[in-house]
Amino acid sequence: MKIAIVGCGFVADYYLSTLPFHPQLELAGVTDKVPERIQKFSDFHAIPTYASLTELLADPQVDIVLNLTNPRNHFEVSKAALEAGKHVYSEKPLAMAIDDAKTLVTLAVDQGLHISSAPCSALSETAQTVWKALQDNIIGQVYLVYAEMDDGLVHTMPYQQWVSTSGMPWPYKDEFEVGCTLEHAGYYVNWLTMFFGPAQSVTAFSSCLVKDKVQDVTLEPDDTPDFSVACIQFQSGIVARLTCSIVATHDHQLRIFGHDGVLSVHDCWNYGDPVYVQRMLRIRRKVLMNPIKQKVPLVRKPPKFKTRGAQKMDFCRGVAEMADAITENRPSRMAADVSLHNNELAIAIQNALATGAPYQLTTTFEPLQPMTWAK
């Protein structure tokens, strides 16, 4: 199945680096609104190009469009691709506003097309192992989840020196303007909804704690939340607390608390991160948590990543899941309704400062199935 990339910025290199893991995908070409970026990216990777989005969408060989543009361009580019009869896999978020996201999903359904949104971390070996452990009931009835997505004081780091393998700079202006919640909440939101089903409501708080993050550019807006905390009530009765920040020290931990113990992982950005279980101990008249963690065997060995940095993620796995679903004529594990629901959750948390009240979810989705290799 042929794919084409729109947007040759920082994240595009990560997709190219994991494309070889998925032989069912073939890259037809790339494009960008900045011609110099197209040329630089193409020269580095030795790949075909399109002079414009119009030219890309006119190519009948292109089956799936990868929308890797700035988040504020996601809606416009994805809408154009769907109207051209292309399936769409978009970087996060699906859209910046829930009404726009709903418009995209409605258009895709009407056209008989697939649309999904990154991240695809719920398809990782680690996430699928956690899901299997939950299905095997190894910690009993689950009551509560703590999920952390804190990345430290990013504005104090040498972010202006961060470049991708092809030399594309980290788009710090966009990152600060879009905010850590819309950028990063999805890494655990998609785990939680896959494990526990649709959310019912979310009560959240968000705030911009560091007012003057940069001096060399003007942020628009300049008060996007750099911290958020949300309590998510799932229809299944489980409650999860999710924090996101670029203020607190780096912490990507997940803990799932059950009647008989705790499941935990250290970092969802590592597709092969170990999964641990701690069980309850009864000592005389007391019940204590065993301080010794036991490893839960991963459902399969993760691939070997060659990317630089702390993250070890297969960015193209979500694209491959879409391609397989299309080929096999089945719903994708990252189907439009799932991506829409996850997008609504992230937007509700991001906008909590403005709303200040519990938010009732307006979207839902059908139950999901584990990856075939995880059963």
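Visitor: Let's start with E183, is that residue buried or exposed?
Guide: This is a predicted model, and in it E183 has a relative accessible area of 6%, so it counts as buried, the cut-off being under 20%.

Visitor: Where is the place of E183?
Guide: E183 sits in helix 8, which covers residues 180-184.

Visitor: And which residues does E183 touch?
Guide: If residues up to four places away in sequence are not counted, E183 touches P71, K92, E175 and V178.

Visitor: Switching to D63, where is that one found?
Guide: D63 lies in the loop that runs between helix 3 (53-57) and strand 3 (64-67).

Visitor: What does D63 count as, in terms of accessibility?
Guide: D63 counts as partly exposed because its relative accessibility is 29%, which falls between the 20% limit for buried and the 50% limit for exposed.

Visitor: What does D63 touch, then?
Guide: Once residues up to four places away in sequence are set aside, D63 touches M1, K2, K86 and H87.

Visitor: How many Å separate the C-alpha atoms of D63 and N290?
Guide: Those C-alpha atoms are separated by 51 Å, with D63 and N290 being 227 residues apart along the chain.

Visitor: New topic, the largest nonpolar core: which residues touch the most other members?
Guide: That core has 90 residues, and the ones touching the most other members are Y15, W191, F196, I256 and L263. Helix 9 (residues 186-196) gives the largest share of this core, with 8 residues.

Visitor: What is Y15 in contact with?
Guide: Leaving aside neighbours within four places in sequence, Y15 is in contact with L66, L68, Y89, E91, A118, F315, C316 and V319. There is also a second, separate core of 28 residues, and A4, A81, L82 and A336 are included in that second core.

Visitor: Back to helix 9, at what angle do its axis and that of helix 11 cross?
Guide: The axes of helix 9 and helix 11 (residues 336-350) cross at roughly 125° and come within 10 Å, which means that helix 9 is oblique to helix 11. The crossing of helix 9 and helix 11 is right-handed.

Visitor: Which residues make the contact?
Guide: On helix 9 the contact is made by V189, N190 and T193, and on helix 11 by H341, N342 and L345.

Visitor: And how do the residues of that contact divide?
Guide: In the contact of helix 9 with helix 11, 2 residues are nonpolar and 4 are polar, while no charged residues take part.

Key:
Residues numbered from 1 in each chain as written. Predicted model: local features only at pLDDT ≥ 70, side-chain atom pairs only at ≥ 80, totals over all residues. Heavy atoms only, no water. Core = buried A, V, L, I, M, F, W, Y, C linked by side-chain atoms within 4.5 Å. Buried < 20%, exposed > 50% of the residue type's maximum accessible area, 1.4 Å probe, protein only. Helix = DSSP H or I, 4+ residues; strand = E, 2+ residues; numbered from the N terminus. Contact = heavy atoms within 4.5 Å. Axes fitted to C-alpha atoms, helices over the stretch in contact; angles between N-to-C directions. Parallel < 35°, antiparallel > 145°, perpendicular 65-115°, else oblique. Left-handed = near helix turned anticlockwise from the far one by under 90°. Nonpolar A, V, L, I, M, F, W, Y, C, P; charged D, E, K, R; others polar.
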